[in-house]
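I opened this notebook to record what I looked up in one protein structure. My entries follow the order in which I consulted it.

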Amino acid sequence: MKPRQPLPAALIVCAIGLSCGAAPAELKSEEQPLTFSATQLPVEGTSPSLAGAIEWLNTQPLTMTQLRGKVVVAEFWTYTCINWRRTLPYVRAWADKYQDQGLVVIGVHTPEFEFEKNVGNVRRAVKEIGITFPVAVDSEHVIWGAFKNQYWPALYFVDAQGRIGITSLGRAATRSQRR
């Protein structure tokens with residue numbers, strides 16, 4: 001069986017109907033702005049459960065049933081992952097910009113190392129990094145397994161009907177032609 005090819009995050013966000021603005025101010029470059037185009041998403045199935053978190057930070061426990069009707073971005077991360085840290089400004093900007101339109105960003109903290117399983121360490125990292133969106137602490141990899149996830153960071157986009165798409169933060173856009 002051929003493995004799924006991840007779709008770039010920005011294309012999925014565009015395809016589910018969210019406006020594709022520029023990158024957060026601190027990430028803009030001197031080059032031409034990025035442009036995005038929507039694409040038809042393949043349906044990957046329905047979203048698995050969020051049950052299995054040993055604790056929730058910044059919220060009461062959430063379920064996919066109570067999130068039905070909203071677009072959900074579930075991001076698997078671990079606080080020592082440099083690649084995840086590079087994605088955080090984008091994910092945070094989406095959470096801030098689109099929350100009033102029904103977007104719910106959920107961080108699923110799934111540890112790579114033993115010390116990252118300590119909830120106190122996760123709580124401290126969430127506070128220091130300034131994460132305000134909900135975080136499921138998945139120290140036993142239960143949610144990770146339900147999503148059949150394999151890496152950090154990984155973004156899963158769930159539409160309002162509970163259909164899921166998977167992505168990585170690969171090349172999400174093409175540069176505009178220079179004038």
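**Entry 1: A bridge partner**

I began with Val73 and found that its bridge partner in strand 7 is Phe157. I note that the model is predicted.

**Entry 2: Strand 7**

I next asked how many residues of strand 7 are buried. Strand 7 spans residues 154–158, and five of its five residues are buried. I then looked at each face of strand 7 and found both covered. Ala154, Tyr156 and Val158 lie on one side, while Leu155 and Phe157 lie on the other.

**Entry 3: Asn121**

I turned to Asn121, which has its place in helix 4, residues 119–129. Which partners does the side chain of Asn121 reach? I found the backbone oxygen of Phe115 at 2.8 Å, and a polar contact with the side chain of Arg124 at 2.6 Å. When I left aside neighbours within four places in sequence, I found Asn121 in contact with Tyr79 and Phe115.

**Entry 4: The chain as a whole**

I recorded five helices and nine strands in the protein chain. Their pattern along the sequence reads β-α-β-β-α-β-α-β-α-β-α-β-β-β. Of the 179 residues, 43% count as buried. I also noted that, among contacts with a separation of 6 or more, 80% are between residues 24 or more positions apart. Finally, I looked up the accessible surface, which comes to about 10,100 Å², with 50% belonging to carbon and sulfur atoms.

Note on methods: Residues numbered from 1 in each chain as written. Predicted model: local features only at pLDDT ≥ 70, side-chain atom pairs only at ≥ 80, totals over all residues. Heavy atoms only, no water. Helix = DSSP H or I, 4+ residues; strand = E, 2+ residues; numbered from the N terminus. Buried < 20%, exposed > 50% of the residue type's maximum accessible area, 1.4 Å probe, protein only. Contact = heavy atoms within 4.5 Å. Areas by Shrake-Rupley, 256 points an atom, 1.4 Å probe, with all protein chains shown as cover. Pairing = 2+ DSSP bridges. Polar contact = N/O pair within 3.5 Å; in protein donor to acceptor, adjacent residues only side chain to side chain.
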